[in-house]
Amino acid sequence: MTGALSDIRVIETGTLLAGPFCGQLLGDFGAEVIKLEDPGKGDPMRQWGREKPHGQSLWWPVVARNKKSVTCNLRSQAGQDLVRRLVADADVLLENFRPGTLERWGLGWDELSAINPRLILVRVTGYGQTGPYAPRAGFGSIGEAMGGIRHVIGEPDRPPARAGISLGDSLAATYAAYGTLAALHARERTGRGQVVDSAIYEAVLAMMESLLPEWAVAGYQRERTGAILPNVAPSNAYPTADGSDVLIAANQDTVFARLCDVMGRPELTTDARYATHGARGAHQVELDDLISEWTRTRPADKLLAELHEAGVPAGGVYTAKDMLADPHIAAREAIVRVPHPDFGELPMQNVAPRLSADPGSVRWAGPSLGQHNDEVYGGLLGLSDDERAELRAQGVI
């Protein structure tokens, strides 16, 4: 096993995305992630996603990559006993059930830390483990709304929009992974584990820049602004002659001067309306219109070539098709192709960030349900064939 976390064992008991994405991030850097799934149907992520060739989710191979799947009925006494045995020799237990669920199963922090004082319990929920909202059901979309990001996404004359991905869940999982690494580091000093409490709404809130003091101190409330940031210009998506859009970010004085040279309009840099950052912000709409008139005269490829040559930050608005064809993405191996028994070579995003000495890797795609039962229950816990057969007969595994 290779990777910066190759000496770490994670027991993942969560479902869907907020917990499992944290497990994916840890597994990407070499952690042994043992995922416990319901014996009957497994994680619902096995069925999620719009496209299902061969009747299978294309999401599951990504979020469950590098993980070992074992079946375990956590609602049974025998299943809970298996968790206790696994925890005894684990570094992390990861869960995203509603607060109090583990406690009802006799698997709360007090019980688990008594078994293994070095254990780190990572808990991902909508509202956190404490506070009046803690018992509520919490999905990522609700956390995005409470954390503030829904209010600022979209066009100003339309209702709040959402990103086309599960942003709240992914942010909470990323912060959970960050907290896990901090807790592992602290354990090196103290010898003891601790609880990592990652709430979806707090992970979103943490990304909201200066939104709170802007309101509390200046009385300014951020609103939806579409493709722009108010008073930051030019920085927008501009139309091209072939019907596509190109992002141009030239709001800094020196960069704006380079853009003006490419446009053949050097006089704009001394025009009082556009000569400074503040002036460009005050005349944002008319400046964007002026730039759009120019970009519409060029196809995207020609426009981008001119901008790159001049040192103006610019880029296309990529789709998956664009990403798979891009030479820079290919050169950095930001997309890898992973063998899959049904899909063949399955493309997916590679590990990020990159470590020079201990890089992560995608070692295998999401496993079949219970694929590693014998390896974990037989090899790790030492259960005999007869014992495993009895657990299967009882519906425990």
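This is a predicted model: local features need pLDDT of at least 70, side-chain atom pairs count only at pLDDT 80 or more; totals for chains, interfaces and linings use all residues.
Me: What are the overall dimensions, and what is the accessible surface of the protein?

Reply: Taken along the principal axes, the box filled by the C-alpha atoms is roughly 85 × 50 × 40 Å. Accessible areas come from the Shrake-Rupley method with a 1.4 Å probe; for residues, only the protein chains shown count as cover. The accessible surface here is about 19,800 Å², and carbon and sulfur atoms hold 54% of it.

Me: What percentage of the residues counts as buried?

Reply: Buried means under 20% relative accessible area, exposed over 50%, and partly exposed in between (1.4 Å probe, protein chains only). The protein has 397 residues, and 45% of them count as buried.

Me: What is the largest nonpolar core, and which elements give residues to it?

Reply: A nonpolar core is a set of buried Ala, Val, Leu, Ile, Met, Phe, Trp, Tyr and Cys residues joined through side-chain atoms within 4.5 Å. The largest such core has 45 residues, and those with the most contacts inside it are Val-10, Val-122 and Met-348. Elements that give two or more residues to this core include helix H1 (18–28), strand S5 (120–125), helix H7 (167–190) and strand S11 (344–349). H7 gives the most, with seven residues. A second, separate core of 26 residues includes Leu-74, Trp-105, Val-376 and Tyr-377.

Me: Which residues does Val-122 touch, and where does Thr-180 lie?

Reply: Not counting residues up to four places away in sequence, Val-122 touches Val-92, Leu-93, Leu-94, Glu-95, Ala-176, Thr-180 and Val-196. Thr-180 lies in helix H7 and counts as buried, at 1% relative accessibility. With neighbours within four places left aside, the contacts of Thr-180 are Cys-22, Leu-26, Val-92, Ile-120, Val-122 and Val-196.

Me: How many disulfides does a search of the whole structure find?

Reply: A disulfide is a pair of cysteine sulfur atoms within 2.5 Å. The search of the whole structure finds zero. Cys-22 is in no disulfide, and the nearest cysteine sulfur, that of Cys-72, is 19 Å away. Cys-22 is buried, with a relative accessible area of 0%. Cys-72 is likewise in no disulfide and is buried, at 3%.

Me: Where are the cis peptide bonds?

Reply: Omega identifies the two cases given here. A cis peptide bond joins Ala-233 and Pro-234, with omega about -5°; Pro-234 is in the loop between helix H9 (211–218) and strand S7 (235–239). Another joins Ala-352 and Pro-353, also with omega about -5°. Pro-353 is in the loop between S11 and helix H16 (373–380).

Me: Is Leu-16, with its positive phi, buried or exposed, and what of Glu-209?

Reply: Leu-16 has a positive phi of about 60° although it is not a glycine. Leu-16 is found in the loop between strand S1 (9–12) and H1, and is buried, with a relative accessible area of 19%. Glu-209 is not a glycine either, and has a positive phi of about 50°. Glu-209 is in the loop between H8 and H9 and is exposed, at 66% relative accessible area.

Note on methods
Residues are numbered from 1 along each chain as its sequence is written. Side-chain values use heavy atoms; hydrogens and water are left out. Helices (H or I, at least four residues) and strands (E, at least two) are DSSP runs, numbered from the N terminus. Contact means heavy atoms within 4.5 Å.
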